[in-house]
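Please keep the sequence and the 3D view at hand while reading.

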Amino acid sequence: MSSIKQFQVTFDCAEPERVARFWCEVLGYVVPPPPRGFATWDAYGRSRPPEDQGSWFACTDPSGVGPRLFFQRVPEGKVAKNRLHLDVRVGTGLVGEERLATLEAECTRLVALGAVRVRLLPADEDNESCIVMQDIEGNEFCLD
């Protein structure tokens, strides 16, 4: 059996830094320091060829536990449902009204950041409630 590998989650998007900063706010992630020799990310960006400026951005879990998130600019827009999405786990261990209240409070916070609420998936025999949302570029995720 091989050991667990580290991984990053990559998002295709139109505005990498904007989307990365949104997810930093959602998850409590941080923007890592700029590359060695640069005081800021803006300074690093200006050192790149014009076609590469703003082409990617990343954020990391400050605890080092969660995966790195990488955002890369692509020319095409989103046209279909994601094949992969993030579940933002804010209601773990909660049930019923307590869970719904926690999900709704987080939904309100994320809508203020630019997210869009899509729909509530109510609890059934197999699953607790969750809220389907979209980030600032329309990528689906769930508050779970």
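The model is predicted: local features need pLDDT of at least 70 and side-chain atom pairs count only at pLDDT 80 or more, while totals for chains, interfaces and linings use all residues. Residues are numbered from 1 along each chain as its sequence is written, and side-chain values use heavy atoms, with hydrogens and water left out.

Read from the N terminus, the order is β-α-α-β-β-β-α-β-β-β. Along the principal axes, the C-alpha atoms fill a box of roughly 55 × 40 × 30 Å. The accessible surface is about 9,200 Å², and carbon and sulfur atoms account for 54% of that surface; the areas come from the Shrake-Rupley method with a 1.4 Å probe, and for residues only the protein chains shown count as cover.

Of the 144 residues, 32% are buried. Buried means under 20% relative accessible area, exposed over 50%, and partly exposed in between (1.4 Å probe, protein chains only). Contact means heavy atoms within 4.5 Å. Among contacts between residues at least 6 apart in sequence, 57% join residues at least 24 apart.

Two residues show how such contacts look locally. Thr10 lies in strand 1, residues 8–13, and is partly exposed because its relative accessible area is 37%. Beyond its neighbours within four places in sequence, Thr10 is in contact with Phe70 and Gln72. Ser55 sits in the loop between helix 2 (41–47) and strand 2 (56–59). With a relative accessible area of 18%, Ser55 is therefore buried. Not counting residues up to four places away in sequence, Ser55 touches Pro16, Phe71, Gln72 and Arg73. The side chain of Ser55 also reaches the backbone oxygen of Asp52 at 2.8 Å.

Now return to the charges. Side chains of opposite charge can pair when their charged atoms come close. The structure holds 8 salt bridges, each a side-chain nitrogen of Lys or Arg within 4 Å of a carboxyl oxygen of Asp or Glu. One of them joins Arg18 and Glu15, at 3.6 Å from N to O. Arg18 is partly exposed at 42% relative accessibility, and Glu15 is partly exposed at 40%.

Which residue forms a salt bridge with Glu140? The partner is Lys78, with the closest N and O atoms 3.3 Å apart. This pair links distant parts of the chain, since Glu140 is in strand 7 (residues 140–143) and Lys78 in the loop between strand 3 (68–73) and strand 4 (86–88), 62 residues apart. Glu140 counts as buried at 16% relative accessibility, whereas Lys78 is partly exposed at 37%.

Another salt bridge joins Arg117 and Glu104, whose closest N and O atoms are 2.5 Å apart. Arg117 lies in strand 5 (residues 116–121) and Glu104 in helix 3 (residues 96–112), so the pair ties together parts 13 residues apart in sequence. Finally, Arg89, Arg99 and Asp144 are linked in a network of salt bridges.

Notes:
Helix = DSSP H or I, 4+ residues; strand = E, 2+ residues; numbered from the N terminus. Polar contact = N/O pair within 3.5 Å; in protein donor to acceptor, adjacent residues only side chain to side chain.
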